[in-house]
Amino acid sequence: MTIPSTEKIVLLALADWASDDGVAYPKQCTLASKCSLTDRTIRKTLKSLRESYRLIEWEPRSEETQGRSNTYFLTFVKTADEPIIIEKVETPKAEPKPKPPAKTKPANRATQIPDDFVVDDELKGWACENRIEVDLRAETEQWTDYHKAKGSLQKDWRASWRTWMRNAKKWGRNNANSYNGNANGSSRLEDELNDTSWADGLC
């Protein structure tokens, strides 16, 4: 097989400098100048010739060589009757990295108040147990209108409803204080607090 043109040019340049035994030691900058390539391309090409085609080997320069360049050995130098076989070494492909698990959305995201919200038996029972002495229907309508107009976002609308009803109970008792000092008002307040007709059908 043939090798790419860049590898071929660098290999020919090494062969031009090599001894009969296939040993050469040109500097990489000299190779780059001779081949009209950059130093970076020379380094990449030398690595390819050694690892992908195994046509050269080299020994790094050391203190013993007193700063001399790397020594390159042309491994394809053979006798005249031996054919030169160039075969690219196929490196195994790396196993693909497993993809990280997709981020799951929070199971309970804040949403707007649902149009089909219903005060079911559970909520009615809760109101009965906690003596929420308010008009549940009227308060629920006010609660719904308020959050729709405001565009509120909640994670738990049932909890929001219960909070509203607690506040309605509290505010109702506070407003009842305005009857203090008025005998008729006080009597009317007691009647209202003692009236449990609102809970008919809830408990």
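**Figure 1. Overview of the predicted model.** Of the contacts in the protein with a separation of 6 or more, 61% are between residues 24 or more positions apart, a contact meaning heavy atoms within 4.5 Å. This is a predicted model, in which local features need pLDDT of at least 70 and side-chain atom pairs count only at pLDDT 80 or more, while totals for chains, interfaces and linings use all residues. Residues are numbered from 1 along each chain as its sequence is written, and side-chain values use heavy atoms, with hydrogens and water left out. The secondary structure comprises seven helices and three strands, following the pattern α-β-α-α-β-β-α-α-α-α along the sequence. Helices (H or I, at least four residues) and strands (E, at least two) are DSSP runs, numbered from the N terminus. Of the 203 residues in the protein, 27% are buried; buried means under 20% relative accessible area, exposed over 50%, and partly exposed in between (1.4 Å probe, protein chains only). The protein exposes about 15100 Å², of which carbon and sulfur atoms supply 48%; accessible areas come from the Shrake-Rupley method with a 1.4 Å probe, and for residues only the protein chains shown count as cover.

**Figure 2. The open sheet of three strands.** The strands stand in the order β1-β3-β2, with antiparallel pairing. Two strands pair if DSSP finds at least two bridges between them. Strands of a sheet pair through backbone hydrogen bonds, either parallel or antiparallel. Because β1 (23-24) and β2 (56-59) each have a single partner strand, they form the edges, and one side of each is left without a neighbour in the sheet. Two bridges join β1 to the antiparallel β3, and Ala-24 has Tyr-72 of β3 as its bridge partner.

**Figure 3. Helix α1 against the sheet and helix α3.** Helix α1 lies across β1, β2 and β3 and runs at about 100° to β3. The axes of α1 and helix α3 (residues 39-51) come within 10 Å and cross at roughly 85°. Axes are lines fitted to C-alpha atoms, for helices over the stretch in contact, and angles run from 0 to 180 degrees between N-to-C directions. The helices α1 and α3 are therefore roughly perpendicular to each other; angles under 35 degrees count as roughly parallel, over 145 as roughly antiparallel, 65 to 115 as roughly perpendicular and the rest as oblique. Residues of α1 in this contact include Val-10, Leu-11 and Leu-14, and those of α3 include Ile-42, Leu-46 and Leu-49.

Figure 4. Lys-34 and Asp-16 form a salt bridge, with the closest N and O atoms 3.3 Å apart. The pair links distant parts of the chain, 18 residues apart: Lys-34 belongs to helix α2 (residues 28-35) and Asp-16 to helix α1 (residues 5-17). A salt bridge is a side-chain nitrogen of Lys or Arg within 4 Å of a carboxyl oxygen of Asp or Glu. Side chains of opposite charge can pair when their charged atoms come close. Lys-34 is partly exposed at 44% relative accessible area, whereas Asp-16 is exposed at 54%.

**Figure 5. Further salt bridges.** The structure holds five salt bridges. One of them joins Lys-148 to Asp-115 (3.3 Å, N to O). This pair is 33 residues apart, with Lys-148 in helix α5 (residues 136-150) and Asp-115 in the loop between β3 (71-74) and α4 (121-129). Lys-148 is partly exposed at 44% relative accessibility, and Asp-115 is exposed at 70%. Glu-133 pairs with Arg-131, the closest N and O atoms being 2.5 Å apart. Asp-120, Glu-122 and Arg-158 are linked in a network of salt bridges.
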